[in-house]
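The exercises below are meant to be worked through with the sequence and the model side by side. Try each task before reading its solution.

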Amino acid sequence: METVPSRARVRSAEHSPPHNPMKSIAKYASRGFTLIEAVVIVTILVLLAGVLIPIVSNELSSARTTRAQTDMKILAEAFNRYFAHTGSWPSNSVWNPNNTSSEALQGLPCLYTNVYNRPGWAGPYLNTGVKNADSSWSVASTTNPSNRGLVDPWGNSYRVLYFGRNGVMGPGGGIVLVCGGENGAVDTRNEQLLNGEAANDDLVQVVTRRL
């Protein structure tokens, strides 16, 4: 015996939209196109990053090099002004023109105050540095982590090399400032320094070729 469908079922069947296979295809095609777009965008971003990162890195390296060169020129000028006023070169001890030495460019309080009582002293010769706990000033310091003073852009101290009159550089002697660059190591040979030559990523500033 057949059953008669209820009115609710009949109406539901009458009002249900017919299945449209083209709409289903369009829906899935739309999803696929969005995924392709995302892949394309990510690919473009990766390519742009590959181009821009080296450019930004080179610009940053160039800016650091320029800053280091500027710092060493300021230091060289301070050394020469000190000598012009006092007849002696700044050092961390009483200067001896016959001594040959190499040291990190730290301390040098004589550039800030007349610690050696030199006639003609007219400092301070630097307007940047670090104030120590005893109120003295230093070009740079490793004991004050919040203010290390005048260090290079890579966070290392500059170096000062004093070549005595009778030292390895011959009778004339000289003073040279050196920055070890990104690797922090001085790679330049002593015989190159007074000519202003620099090896690898070193930066060299000649203060004087004669003592």
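**Exercise 1. Work out how strand β4 is paired with its neighbours, and whether it is buried or exposed.**

Solution. Begin with strand β1, residues 101-104, which is joined to β4 by four bridges, the two strands running antiparallel; strands here are DSSP runs of E with at least two residues, helices are runs of H or I with at least four, and both are numbered from the N terminus. Two strands count as paired if DSSP finds at least two bridges between them. Within this pairing, S101 has Y162 of β4 as its bridge partner. Next, turn to β5, which runs antiparallel to β4 and is joined to it by five bridges, with I175 of β5 as the bridge partner of Y162. Finally, four of the five residues of β4 are buried, so this strand is largely enclosed by the rest of the structure; buried means under 20% relative accessible area, exposed over 50%, and partly exposed in between, with a 1.4 Å probe and protein chains only.

Before going on, note that this is a predicted model, in which local features need pLDDT of at least 70 and side-chain atom pairs count only at pLDDT 80 or more, while totals for chains, interfaces and linings use all residues. Residues are numbered from 1 along each chain as its sequence is written, and side-chain values use heavy atoms, with hydrogens and water left out.

**Exercise 2. Find which residues have the most contacts inside the largest nonpolar core.**

Solution. A nonpolar core is a set of buried Ala, Val, Leu, Ile, Met, Phe, Trp, Tyr and Cys residues joined through side-chain atoms within 4.5 Å. The largest one has 27 residues, and F79, L111 and V139 have the most contacts inside it. The elements giving two or more residues to this core are α2 (21-86), β4 (159-163), β5 (174-179) and β6 (203-208), and α2 provides the largest share, seven residues. A second, separate core of seven residues includes F163, L193, L194 and V204.

**Exercise 3. Describe where T188 is found and what its side chain reaches.**

Key: A polar contact is a pair of N or O atoms within 3.5 Å; within protein, one must be able to donate a hydrogen and the other to accept it, and residues adjacent in sequence count only if both atoms are side-chain atoms.
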